[in-house]
Amino acid sequence: MPVLIAIRIVLSEFVGVPLYWINKEWYYKNIALAKEGFGTTITCMTKWWSPTVIRISGDESVRGQLRQLPDGRLECSFPERIVLIANHQVR
């Protein structure tokens with residue numbers, strides 16, 4: 001299943017390239033969908049094959065922008081522009 005999704009993502013990117021010259025708004029929407037598909041695929045693969053605990057932390061500047069919903073999901077209310085850096089740690 002993830003392989004089929006990955007193929008769909010790559011195909012949508014290649015098919016979407018001409019959109020850049022036709023309509024840039026459509027092109028960027030297509031790329032956003034491809035990014036969303038990639039993120040969803042990676043998240044699902046991680047959940048299915050190697051369940052992990054993800055810890056999210058931040059300094060005072062992100063206070064109130066992250067909260068855990070009752071079902072365990074994370075809700076983010078970031079400003080329109082943000083620099084977010086992931087710190088990958090293996091223990």
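This is a predicted model: local features need pLDDT of at least 70, side-chain atom pairs count only at pLDDT 80 or more; totals for chains, interfaces and linings use all residues.
**Asn30**

Residues are numbered from 1 along each chain as its sequence is written, and side-chain values use heavy atoms, with hydrogens and water left out.

I found Asn30 in helix H3, which covers residues 24-49. Helices (H or I, at least four residues) and strands (E, at least two) are DSSP runs, numbered from the N terminus.

Which residues does Asn30 touch, leaving aside those up to four places away in sequence? I noted Ser12, Glu13, Gly16 and Leu19, where contact means heavy atoms within 4.5 Å. I also looked up Ile9, 21 residues from Asn30 along the chain: the two C-alpha atoms are separated by 9.9 Å.

**Thr41**

Next I went to Thr41, also in helix H3. Thr41 counts as buried because its relative accessibility is 10%. I checked Thr41 against Ala86, 45 residues apart along the chain, and their C-alpha atoms are separated by 18 Å.

**Leu4 and its patch**

I then turned to Leu4 in helix H1, residues 2-16. Leu4 has 57% relative accessibility, so this residue counts as exposed. Which residues make a nonpolar surface patch with Leu4? I wrote down Val3, Ile7 and Leu11, and the patch is about 400 Å². Patches are made of residues with over 30% relative accessible area and no salt bridge; like charges are joined within 9 Å, nonpolar side chains (Val, Leu, Ile, Met, Phe, Trp, Tyr) within 5 Å. A salt bridge is a side-chain nitrogen of Lys or Arg within 4 Å of a carboxyl oxygen of Asp or Glu.

**The whole chain**

Last, I stepped back. I counted 3 helices and 2 strands, in the order α-α-α-β-β along the sequence. The C-alpha trace spans about 45 × 35 × 25 Å along its principal axes. Of the 91 residues, 13% count as buried. I also noted that the chain exposes about 8,500 Å², with carbon and sulfur atoms supplying 61% of it; accessible areas come from the Shrake-Rupley method with a 1.4 Å probe, and for residues only the protein chains shown count as cover.

How values were computed:
Buried means under 20% relative accessible area, exposed over 50%, partly exposed in between (1.4 Å probe, protein chains only).
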